[in-house]
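Please work through the exercises below with the sequence and the model open beside you, and try each task before reading its solution.

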Amino acid sequence: MSSSFSRAKGFLCFAVFAAVTAAMPARAQTMYRYKDANGVWVYTDRKPGGEQEFQEERVERRFEKPEVRLLQRAAANGVMLIAQNTYFGPVQLAFRVHPIENVSSDTKRSGLTVLPPRSDTELVFVGKSAEQVDLRFDSEFQFIPGQPGAEHRPTQPYRLPYALSSSIRVSQTYPVVRTHNDPQNQYAVDFVMPIGTDVFAARDGVVIEVATDFFEGGTDIEVDGPRANIVRVLHDDGTMALYVHLNWNTIRVVPGQRVRRGEYLADSGNTGFTTGPHLHFVVQRNEGGALVAVPLEFAGPTGPVTLVTGETYTAY
């Protein structure tokens with residue numbers, strides 16, 4: 001099964017990669033905010049210098065961050081590895097066991113499985129070769145959200161994710177792929193939005209992931225890419241919408257919450273890998289261990305609309 005794991009390892013791009021893990025405690029942060037020269041509120045985790053007036057507050061996380069954990073349970077003549085999924089949606093997990101000492105030859109070394117939402121799943125039994133000898137091994141895993149093989153079947157065109165009757169320009173969408181040059185983002189849409197623009201749900205679903213810890217953006221994809229504030233919404237057909245670059249401390253939904261089309265989610269921002277304030281919106285499905293973007297149609301005044309780079313669209 002090593003070939004299956006290697007394929008999954010290459011594609012599980014939102015992975016957690018670890019041995020046995022424990023729950024992360026809720027974290028408190030010091031947040032500073034001040035108005036820039038244009039009167040726009042700036043949020044940062046760094047204390048402003050000079051004569052800049054600012055406000056300071058201590059902020060606690062409002063929810064337990066969903067995660068996947070690999071736990072151990074002692075059993076007769078071995079150890080059972082248990083995968084715990086605290087997400088409000090399914091995840092696909094790839095695992096590998098590395099024998100060190102006294103691991104039985106029939107212990108499964110690697111595999112792929114799907115963990116149901118909010119579940120504990122027996123993953124693999126690591127048995128002893130000799131009962132009276134200590135057992136030693138390492139384990140690792142990766143995962144991505146979503147049920148493999150989900151098909152994109154919206155019942156109506158997506159709602160543009162901003163206020164009704166307002167008009168926003170599209171700075172990038174397919175077939176323009178300047179920064180959308182991977183399968184996860186191929187059909188993503190970048191909407192040019194000033195920081196603080198209201199962002200609304202484009203389709204009904206359940207919030208399964210929220211990131212709210214980041215303040216700044218940059219152009220180093222390795223450093224700044226993982227530092228975007230996001231909301232991920234699971235749709236009834238198993239696809240997932242991702243709203244990216246959101247403004248710090250404005251996200252008003254939590255994992256497990258069901259949101260309706262047109263419901264307020266957060267303010268747009270400029271966090272993560274970005275050259276300027278905008279909303280990156282994409283719908284993805286899990287294609288057998290890889291997250292891939294799907295083509296989108298949005299509601300227009302006379303029917304479905306396929307967006308074009310450089311054009312401006314009014315929300316209906």
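**Exercise 1.** Determine which residues Asn286 touches, leaving aside those up to four places away in sequence.

*Solution.* Asn286 touches Gln92, Ile144, Pro145, Gly146, Gln147, Pro148, Gly149, Ala150 and Leu291, where contact means heavy atoms within 4.5 Å. This is a predicted model, in which local features need pLDDT of at least 70, side-chain atom pairs count only at pLDDT 80 or more, and totals for chains, interfaces and linings use all residues. Residues are numbered from 1 along each chain as its sequence is written, and side-chain values use heavy atoms, with hydrogens and water left out.

**Exercise 2.** Is Asn286 buried or exposed, and which backbone atom of Gly146 does its side chain reach?

*Solution.* Asn286, which has its place in strand E20 (residues 278-286), is buried with a relative accessible area of 0%, buried being under 20% (1.4 Å probe, protein chains only). Its side chain reaches the backbone oxygen of Gly146 at 3.0 Å, and a polar atom of that side chain lies 3.3 Å from the backbone nitrogen of Gly288.

**Exercise 3.** Find the strand order of the open sheet of 3 strands that contains E5, and explain why one side of E4 and of E8 is left without a neighbour.

*Solution.* The order is E4-E5-E8, with antiparallel pairing, a strand being a DSSP run (E) of at least two residues, numbered from the N terminus, and pairing requiring at least two bridges found by DSSP. Strands E4 (68-75) and E8 (119-127) stand at the edges, each with a single partner strand, so one side of each lacks a neighbour in the sheet. E4 and E5 are joined by 8 bridges, with Arg73 partnered by Met80 in E5.

Methods:
Helix = DSSP H or I, 4+ residues; strand = E, 2+ residues; numbered from the N terminus. Buried < 20%, exposed > 50% of the residue type's maximum accessible area, 1.4 Å probe, protein only. Polar contact = N/O pair within 3.5 Å; in protein donor to acceptor, adjacent residues only side chain to side chain.
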